Amino acid sequence: MKKLFFFLPAFLFPHFIFSQNELVLFNVWEGEVFKKSSNEFFCVNSTDFFVFDENIVTTNQVYAYSNSFFEHLNGIFHGRDTSVFISTVYGSDLLSFKLTKYDKGWNLVDEMYIDYAAKYGAELSDGTIVFNEEFGSAITIFDPIDEETLNVETGAEIRATHVTEGDSIIGVSNNGLFIFSAIGDTIAIFPSFNFEHIIPKKNAGWAGQKADSLFLLSPDFDLLETVYFSDAVTIDMEAGYDKVVLLTNDSTVHIFNDLLLFENNFKINSNNFPEPSNFELTENGLIVSNGTAFKKFQWDGTDLYTENNDIGVVGVELGDYILEEYTALTFPNYDTIFRLRYTNPVFTVHNYGETAIKSFGISTSFPAFYVGFYNYYEQYNGILNQFFSNVSIAPGEEKEVVWSNLGFYFRNPPNGEIYDQCFWTTRPNLRIDDNYGNDKYCYEMVVATKEQFENNIAVSVFPNPSNGVFKISVGEAQARNVEWILYDQFGREQYNLSINNWQHEYEVLVNYLPTGIYFWKIKSEGKILDNGRLIIQH
């Protein structure tokens with residue numbers, strides 16, 4: 001028998017700082033910015049891709065996974081013709097691994113089952129796939145048509161895999177470079193080239209990095225030049241637009257030309273963009289990620305973000321809901337999971353920028369729980385996203401959008417827990433901008449059983465509307481350590497009435513407050529008794 005529960009959105013809450021609902025990404029690939037050969041950029045969260053242009057404006061959202069609960073991301077690599085491969089591990093009765101291929105339009109092309117979860121890889125001109133496992137020593141050559149697999153053992157830890165235009169396979173390892181043919185025959189081994197990073201240069205040749213040195217290599221891996229640049233640890237390296245660019249762990253970007261002649265360096269401001277971790281190049285600069293957000297910089301270090309693209313959530317109406325036993329999936333270690341489901345919640349967004357908004361996303365977070373499966377643990381809930389396209393919001397305009405089937409999950413039946421619930425926009429750049437305070441909308445959410453509220457004290461606030469003079473009645477039963485709090489529409493506390501032993505009716509005078517909508521809640525010994533909305537009219 002299904003049990004029904006009440007959900008009560010209590011009130012707005014002032015929470016315009018980074019908090020537990022910050023967009024935290026919990027996979028090594030999540031939050032990394034990738035670039036396709038079509039100059040399209042994307043990043044990955046727990047379930048999908050956010051696709052954006054060189055100005056970090058979201059253009060698409062692609063749901064990458066099926067409803068298989070145990071499926072999760074392990075690696076990403078590029079194929080030919082701007083296609084992308086996603087490596088995942090998932091479970092039913094046993095763990096399985098597969099590669100999923102998307103074409104340049106982000107359409108699902110194929111799913112291929114493999115022996116292990118790939119971490120790095122590439123695609124040969126005939127469609128053969130080359131990949132390797134993280135910390136593994138073998139390079140796998142896989143023919144998806146005939147499902148033939150060839151493993152080439154290197155005896156070294158493979159850090160990355162590249163494929164040349166002539167279909168040579170390059171294995172980057174801690175013991176040097178391994179060069180193989182398309183059928184796995186050894187072409188050459190360069191044991192001294194044990195680079196930490198090596199990348200192909202667009203005009204042929206390679207650039208490598210180790211410790212405080214940069215190396216320029218010919219297409220045939222002849223050493224052409226060595227440059228010393230910094231004793232900081234390099235965390236990412238890219239080449240393109242006649243430049244070689246490095247990001248070091250002291251948040252400094254180092255820019256060299258194609259011949260490794262120094263051009264410029266600049267330090268990323270840690271106050272508004274802490275701990276940058278990776279980047280991709282654009283024609284006029286670079287897009288930097290710190291795992292939770294993105295910034296764009298010109299070659300001279302100028303921050304290209306402007307207020308032209310700034311949109312924020314300003315209102316939430318969750319609407320109809322049901323809290324039900326969820327049986328669509330089997331959860332090891334749990335007999336029953338409860339789902340709080342909203343069918344058509346309405347969100348009001350405001351365009352603070354100077355240009356029309358045509359697409360954007362809204363994200364939220366909910367306390368996640370873990371379900372164990374063999375040696376793997378999956379996080380349920382976490383970050384939830386909804387993408388909206390084909391909308392038109394003019395500068396200064398507000399518009400309502402509907403998030404279909406928003407669902408939160410619980411291990412146990414809710415029992416009056418309070419959740420600090422926030423919603424934020426994914427535009428312009430996942431809430432890191434000059435005024436991120438207008439991007440996020442928060443309030444407290446109370447989830448409790450119907451029986452709990454029926455057995456609790458009845459609370460009445462009247463008259464409503466009022467001119468700011470009204471009464472509060474707390475049933476017949478006594479309530480100890482009672483606190484009644486009134487908030488304005490921005491979640492700011494306006495009045496607090498605390499009584500040790502509340503037995504009767506009390507009058508509240510707040511006629512000094514301006515006309516408007518206010519929210520109240522009443523607590524006793526740390527538990528929510530009731531909450532509601534009050535209108536003051538003068």
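**Stop 1: threonine 425**

Select threonine 425 and isoleucine 311. The side chain of threonine 425 reaches the backbone oxygen of isoleucine 311 at 2.9 Å. This is a polar contact, a pair of N or O atoms within 3.5 Å; within protein, one must be able to donate a hydrogen and the other to accept it, and residues adjacent in sequence count only if both atoms are side-chain atoms. Threonine 425 belongs to strand S37 (residues 417–425). Strands here are DSSP runs of E with at least two residues, numbered from the N terminus. Threonine 425 counts as buried, because its relative accessible area is 0%. Buried means under 20% relative accessible area, exposed over 50%, and partly exposed in between, with a 1.4 Å probe and protein chains only.

The model is predicted: local features need pLDDT of at least 70, side-chain atom pairs count only at pLDDT 80 or more, and totals for chains, interfaces and linings use all residues. Residues are numbered from 1 along each chain as its sequence is written, and side-chain values use heavy atoms, with hydrogens and water left out.

**Stop 2: the sheet S29-S32-S35**

Now show the three strands S29, S32 and S35. They form an open sheet in that order, with antiparallel pairing. Strands pair if DSSP finds at least two bridges between them. Strand S29 (311–317) and strand S35 (398–402) are the edges, and each pairs on one side only. Neighbouring strands are turned by 30° against each other on average, direction ignored. Such angles are taken between axes, which are lines fitted to C-alpha atoms, and run from 0 to 180 degrees between N-to-C directions. Six bridges join S29 to strand S32 (residues 346–351). Pick glutamate 317: its bridge partner in S32 is valine 346.

**Stop 3: two cores**

Select Phe360, Ile362, Phe408 and Phe423. These residues have the most contacts inside the largest nonpolar core, which has 28 residues. A nonpolar core is a set of buried Ala, Val, Leu, Ile, Met, Phe, Trp, Tyr and Cys residues joined through side-chain atoms within 4.5 Å. Among the elements that give two or more residues to this core are S29, S32, strand S33 (360–373) and S37. Next, move to Val459, Phe470, Tyr518 and Ile522. They are included in a second, separate core of 20 residues.

**Stop 4: the sheet S39-S40-S43**

Three strands form another open sheet here, ordered S39-S40-S43 and paired antiparallel. Strand S39 (459–462) and strand S43 (505–509) each have a single partner strand, so one side of each is left without a neighbour in the sheet. The twist averages 20° from one strand to the next. Five bridges pair strand S40 (residues 469–474) with S43. Isoleucine 472 has tyrosine 506 as its bridge partner in S43.

Now follow the loop between S39 and S40. Proline 463 is found there, and the peptide bond from phenylalanine 462 to proline 463 is cis, with omega near -10°. Proline 465 has its place in the loop too. A cis peptide bond joins asparagine 464 and proline 465, with omega about 10°.

**Stop 5: aromatic rings**

The whole structure holds 23 aromatic pairs. Rings of Phe, Tyr and Trp (its six-membered ring) pair if their centres lie within 6.5 Å; planes under 30 degrees apart count as stacked, over 60 as edge-to-face and the rest as tilted. Start with phenylalanine 41 and phenylalanine 52. They are stacked, 6.2 Å centre to centre, with 10° between the planes. Phenylalanine 41 lies in strand S3 (residues 41–44) and phenylalanine 52 in strand S4 (residues 48–52), so the pair ties together parts that are 11 residues apart in sequence. Both phenylalanine 41 and phenylalanine 52 are buried.

Jump to tryptophan 484 and tyrosine 495. This pair is edge-to-face, at 6.3 Å and 65°. Tryptophan 484 is in strand S41 (residues 479–487) and tyrosine 495 in strand S42 (residues 493–502). Then select Phe190, Phe193, Phe195, Trp206, Phe215 and Phe221, which ring pairs link into a cluster.

**Stop 6: two positive phi values**

Finish in two loops. Alanine 211 has a positive phi of about 55° although it is not a glycine. Find alanine 211 between strand S19 (206–210) and strand S20 (213–217). Its relative accessible area is 43%, so alanine 211 is partly exposed. Aspartate 242 also has a positive phi, near 60°. Aspartate 242 is in the loop between strand S22 (234–240) and strand S23 (243–248). With a relative accessible area of 54%, aspartate 242 is exposed.

Definitions and conventions: Helices (H or I, at least four residues) and strands (E, at least two) are DSSP runs, numbered from the N terminus.
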